[in-house]
Amino acid sequence: ADFAHPLPVLVDPGEQLRYLPLDLSLSACVQWELGDPPRNAISLTGVMHTLASYRELPHGWRTTPDGRWTDHYMWQQYLSPRRLRAVTGDLATTIKLVGDGADPTAAGPRIQEWWHRMHSPGFDTWWTQQVGGAVRSAAVEAAMHRSWLEDRVAALDAEAVALRRQIDRQAGEAEQLRHGLDHRAESERLRAAELDLILSSRSWRWTAPLRRLAAHPAAKRGFRAQGPLRPPGA
């Protein structure tokens with residue numbers, strides 16, 4: 001390969017090993033390293049590359065911009081689209097201690113403890129077992145997380161179906177309401193046209209004096225004739 005790094009394993013402040021799933025032989029992992037926001041699972045310790053591949057880089061080692069990781073800034077040059085054979089090793093050949101960042105000076109005793117531990121008999125076998133356990137734990141966590149995501153997606157799909165049915169039902173009710181309003185408006189329009197036709201008719205104009213007479217207060221109260229009706233002047 002042109003670029004290689006060990007199996008990425010960290011030792012957290014609780015002394016538990018954490019495996020960072022990565023395989024640079026897979027294009028998806030390369031794209032993950034090149035993605036934004038920046039993320040990185042390739043430690044500076046343990047990386048190896050050929051001299052020829054380094055000479056083909058557009059810049060090589062250079063000043064890192066503020067806010068960027070020096071190693072990741074370099075790896076992006078290597079992993080940018082070009083003909084490069086990059087691989088992730090099968091073995092964890094480095095011990096990367098991750099602290100809580102509160103007190104860097106407190107790392108001294110921890111480093112010394114791990115130094116003595118790695119030089120004790122049987123450490124290689126113990127370390128290999130611990131790394132295997134970390135890889136299995138990461139695989140289980142990934143499977144459980146994927147299962148949770150699938151369940152969540154299924155639940156969201158069911159909610160989407162229910163919402164679609166509700167939307168369709170409300171759309172049908174709205175269509176019925178609109179149809180009713182349109183029918184009512186049409187009825188009002190027909191009544192208005194009929195009224196206009198009546199008001200503009202000749203009979204309506206001829207009967208106007210009778211309507212005014214009927215509207216007179218005396219006509220509303222009515223009267224009873226006293227004695228025989230005689231024409232005026234009789």
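Aspartate 182 and arginine 178 are four residues apart in helix 5 (residues 123-199), so about one helical turn separates them. Helices here are DSSP runs of H or I with at least four residues, strands are runs of E with at least two, and both are numbered from the N terminus. The two side chains form a salt bridge, with the closest N and O atoms 2.6 Å apart. A salt bridge is defined as a side-chain nitrogen of Lys or Arg within 4 Å of a carboxyl oxygen of Asp or Glu.

This is a predicted model, in which local features need pLDDT of at least 70 and side-chain atom pairs count only at pLDDT 80 or more, while totals for chains, interfaces and linings use all residues. Residues are numbered from 1 along each chain as its sequence is written, and side-chain values use heavy atoms, with hydrogens and water left out.

**Salt bridges**

A search of the whole structure finds ten salt bridges. Glu175, Arg178 and Asp182 are linked in a network of such bridges. Also in helix 5, glutamate 186 and arginine 189 are three residues apart, so they too are separated by about one helical turn.

Glutamate 15 pairs with arginine 110. This pair links distant parts of the chain, 95 residues apart: glutamate 15 is in the loop between strand 2 (9-11) and strand 3 (17-19), and arginine 110 is in helix 4 (residues 107-118).

| Glutamate 15 | Arginine 110 | 2.9 Å |

Arginine 110 is buried, at 15%, whereas glutamate 15 is partly exposed, at 30%. Glutamate 186 has a relative accessible area of 35% and is partly exposed; arginine 189, at 46%, is partly exposed.

Three strands form an open sheet in the order 3-2-6, with mixed pairing. Two strands pair if DSSP finds at least two bridges between them. Strand 3 and strand 6 (96-97) are the edge strands, each pairing on one side only. Strand 2 and strand 3 run antiparallel and are joined by three bridges. The bridge partner of valine 11 is leucine 17 in strand 3.

Helix 5 lies across strand 2 and strand 3, at about 55° to strand 3. Such axes are lines fitted to C-alpha atoms, for helices over the stretch in contact, and angles run from 0 to 180 degrees between N-to-C directions.

Aspartate 12 is in the loop between strand 2 and strand 3. With a relative accessibility of 16%, aspartate 12 counts as buried. Leaving out residues up to four places away in sequence, aspartate 12 touches Arg18, Val98 and Arg110; contact means heavy atoms within 4.5 Å. The C-alpha atoms of aspartate 12 and leucine 97 are 6.4 Å apart, although these residues are 85 residues apart along the chain. The side chain of aspartate 12 also reaches the backbone nitrogen of glutamine 16 at 2.8 Å.

A nonpolar core is a set of buried Ala, Val, Leu, Ile, Met, Phe, Trp, Tyr and Cys residues joined through side-chain atoms within 4.5 Å. The largest one has 15 residues, of which Phe3, Leu24, Ile42 and Leu79 touch the most other members. Helix 1 (27-34) and helix 3 (70-79) each supply at least two residues of this core. Helix 3 gives the most, with four residues. Another core, of twelve residues, lies apart from it and includes Tyr19, Phe123, Val131 and Ala138.

Helix 3 is mostly covered, with nine of its ten residues buried. Among the buried residues are His72, Met74, Trp75 and Leu79. The buried residues of helix 3 pack against strand 1 (3-5), helix 1, strand 4 (48-49), helix 2 (51-55) and strand 5 (86-88). Not counting residues up to four places away in sequence, leucine 79 touches Leu24, Val30, Glu33, Leu34, Ile42, Leu84 and Ala86.

Conventions. Buried < 20%, exposed > 50% of the residue type's maximum accessible area, 1.4 Å probe, protein only. Polar contact = N/O pair within 3.5 Å; in protein donor to acceptor, adjacent residues only side chain to side chain.
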